[in-house]
Amino acid sequence: MFIVKSPVEQTIELENNILVIKVHSPEISSEIKPGQFLNVRVSETYSPLLRRPFSVCDVEGDFIFLMFNVLGEGTKILAQKRKGETIDLLGPLGHGFNLDDDYQTAVIVAGGLGAAPFPYFVKKIPNDKRIISFVGGKTNNEVITYGLKNILISTDDGSLGFKGTVIDLLNENLEILNKGKIKIFSCGPNAMLKAIKEFSIKNNFECEVSIESAMACGFGICQGCPVESTSNKEKYSLVCKDGPVFNVRDIVL
Amino acid sequence: MSKIDLSVTIGSLKLRNPVLLASGTVGYGNEMSEFIDLNKIGGIVTKSLSLKPRKGNPPQRIVETPAGMLNAIGLANVGVEVFLIEKIPFLKNYDVPLICNIAASSIEEYVECTKILTCEDTIKAFEINVSCPNVKEGGLQFGNDIHAVGKITEKVKACTNKPVIIKLSPNVSYISEFAKVVKEEGGDAVSAINTLVGTSFNIFTKRPKLHNVTGGLSGPAIKPVALAKVLEIKRLVDIPIIGIGGIMNWKDVVEFMIAGSSAIQIGTANFINPNSADEIIKDLENYCTSYSIEKISELTGSYKI
Ligand SMILES: Cc1cc2nc3c(=O)[nH]c(=O)nc-3n(C[C@H](O)[C@H](O)[C@H](O)COP(=O)(O)OP(=O)(O)OC[C@H]3O[C@@H](n4cnc5c(N)ncnc54)[C@H](O)[C@@H]3O)c2cc1C
Ligand SMILES: Cc1cc2nc3c(=O)[nH]c(=O)nc-3n(C[C@H](O)[C@H](O)[C@H](O)COP(=O)(O)O)c2cc1C
Ligand code: FES
């Protein structure tokens, strides 16, 4: 784990106000794994005071990429960073996705900005495994496909791709999913993750999800990010340290 | 140039410098050690320990506020037994004074915890949390009850030879009255302050953002309040004070010492920069050199009013 002030190289604007910020950070790029995150201090002032957690979106040599949209104060400041300005990164943090298990096809299920961790994931997936990406949004401007492969799209209003939820789309494609051994990797809004959990259990699929929580420290000292664990009722798991990626069967969503 | 003396004393507790890490913001040291050399800091105060492990409050536990944050962790901790078995061995690797913070929901539980922990040599002092705003059970709001604070001080002192520091609540009218009782009952020092009670609403759902409804406010936002509490105690009671509240840099430390603190604790700042204590200690040394301060302890209570 490092605390590094890293210079911004470029901010790329994707469609629909989604930004990808490219930062020079050899310390972090050489260590970080798909699904891990960084806690970013966007300002030296006390406004905002706390760091902001972001998943690593991609890595290219000494550069790391973070994907976000402007939500509040923190992301607004981040969006205004120009080439040469530095951002203060703390990480790599948490546990990422387990890519090396015994499965043949990685099924990515991403909702909205839940697509953020997957470009790097796609890069790092072992060569002998296939990838299918299911990408969902309420409408077409919530669909983010940056860096994904073999993409199937759903929108709740039918403005792009299949009309329905991403779970409906998965159900439509059950036949493909039942060919060979798959593992689902998912990130997105909590309601979607709940539905993914139900879907995975019903169909007996392996599944890992990346979840969010309010955070202060990001590395296990504040106890601010609890999530109910299914195996131990006496103790919460911590999203920052035990996650943010969990086996979906291990947590209560 | 002669070496600057950064050491301070709190009763019989001698510290190499006045910069401690506050309870609930360092865990039990291991995660922090990835970022900071624990051998350099003045001391570590553990997360509040209770007799039995506590699960803590359901989420959401934290909310950011202007220049601060609210927390309602609910004293999630491993309990004294697990602490002694699993956490102490790590801390034994370091040469850093360990202060054990204890929270309880009855006077008997404070006594029980102290009796169990006092046998452990690594523990150099106790800080008694009578002021956590985030737990309901127990019936007694100790922090607001001057007789309870006196009783706890007396009973805990009776079962340990180690220094006993009482961590006071700022959510009272006259904090100095509490400090006075601590002194009368033999307490060695007071820590001031714990967090201020606060809340925050989601304006769209009209629901509180914290599951616990209220939480404790910390961070730079509370610094002026904390300074005023330290000053009030300093002016009215002759007892060592550990100043806490919104300390982010060396200037804040100097301010707290001028107001009457013998030592200070860094809390919320650890979340933003877990190495801040180390940076602050270096900056304090430079400050002392620049202003020809030979012993940093000279600063304590040096206000001119
Ligand atoms: C592990 C992890 C990875 C993330 N990865 C990404 C990513 O790759 N791209 C992206 O755009 N966003 C990501 N997020 C969410 C991102 O951290 C927030 O969008 C960001 O903090 C918003 O900051 P703001 O100041 O713009 O918004 P504001 O609304 O001003 O601030 C939001 C504040 O509320 C906190 N908060 C309160 N409740 C929650 C909650 N339930 N969940 C999360 N935060 C909460 C935030 O931490 C922050 O302090 C991730 C979050 C986590 C926990
Ligand atoms: C997340 C969090 C957890 C805390 N837990 C405890 C605790 O267990 N026991 C305690 O005595 N104080 C606890 N505190 C209070 C701090 O030790 C400190 O008194 C307070 O935060 C004010 O200092 P600061 O503004 O520098 O953070 C906690 C504070 C925070 C922010
Ligand atoms: S964010 Fe502090 S423990 Fe997880």
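A residue counts as buried if 20 or more other C-beta atoms lie within 10 Å of its own. By that criterion, buried residues make up 46% of the 253 residues in chain A, and 56% of the 305 residues of chain B count as buried. The model is predicted. Chains A and B are in contact, and residues from both surround ligand 2, so the site is shared between chains.

**Chain A**
- Chain A contains six helices and 16 strands.
- The radius of gyration of chain A is 18 Å, close to the 18 Å that the globule rule gives for 253 residues, so chain A is as compact as a globular protein of that length.
- The C-alpha trace of chain A spans about 50 × 45 × 35 Å along its principal axes.
- Of the contacts in chain A with a separation of 6 or more, 61% are accounted for by residues 24 or more positions apart.

**Chain B**
- Chain B contains eight helices and 14 strands.
- For chain B the radius of gyration is 18 Å, close to the 19 Å from the globule rule for 305 residues, so this chain is as compact as a globular protein of that length.
- The principal axes of the C-alpha trace of chain B give spans of about 60 × 50 × 40 Å.
- When contacts in chain B between residues at least 6 apart in sequence are considered, 72% join residues at least 24 apart.

**The barrel of chain B**
- Eight strands of chain B close into a barrel with parallel pairing, in the order β3-β4-β7-β8-β9-β10-β13-β14.
- On average, neighbouring strands of this sheet are turned by 25° against each other, direction ignored.
- One pair in chain B is formed by β8 (residues 123-129) and β9 (residues 164-167), which run in the parallel sense over four bridges.
- B:Glu127 has B:Ile165 in β9(B) as its bridge partner.
- Helix α3 (residues 146-158) of chain B packs on the sheet and touches β8 and β9 of chain B. The direction of α3 makes about 160° with that of β9(B).

**Helix α4 of chain B**
- Helix α4 covers residues 175-184 of chain B, and its buried residues are B:Ile175, B:Ser176, B:Phe178, B:Ala179, B:Val181 and B:Val182.
- An α-helix has 3.6 residues a turn, so residues three or four places apart point the same way.
- The cover over the buried residues of α4(B) includes α3, β9, β10 (189-192) and α5 (223-236) of chain B.
- After α4(B) comes B:Gly186, with a positive phi near 95°.

**Interface between chains A and B**
- In this interface, 29 residues of chain B are in contact with 23 residues of chain A.
- At least two residues of the side of chain B that touches chain A come from each of β5 (62-65), β6 (68-71) and α7 (269-272) of chain B.
- That side of chain B is made up of 14 nonpolar, ten polar and five charged residues.

**Ligand 2**
- There are 27 residues around ligand 2, and those that come nearest are B:Gly24, B:Ser48, B:Ser218, B:Gly267 and B:Thr268.
- By class, the shell around ligand 2 has nine nonpolar, 16 polar and two charged residues.

Notes: Residues numbered from 1 in each chain as written. Chains lettered and ligands numbered in written order. Predicted model: local features only at pLDDT ≥ 70, side-chain atom pairs only at ≥ 80, totals over all residues. Contact = placed C-beta atoms within 7 Å. Nonpolar A, V, L, I, M, F, W, Y, C, P; charged D, E, K, R; others polar. Rg over C-alpha atoms; globule rule 2.2 N^0.38 Å. Buried ≥ 20, exposed ≤ 12 C-beta atoms within 10 Å, placed from the backbone. Pairing = 2+ DSSP bridges. Axes fitted to C-alpha atoms, helices over the stretch in contact; angles between N-to-C directions. Near = placed C-beta within 6 Å.
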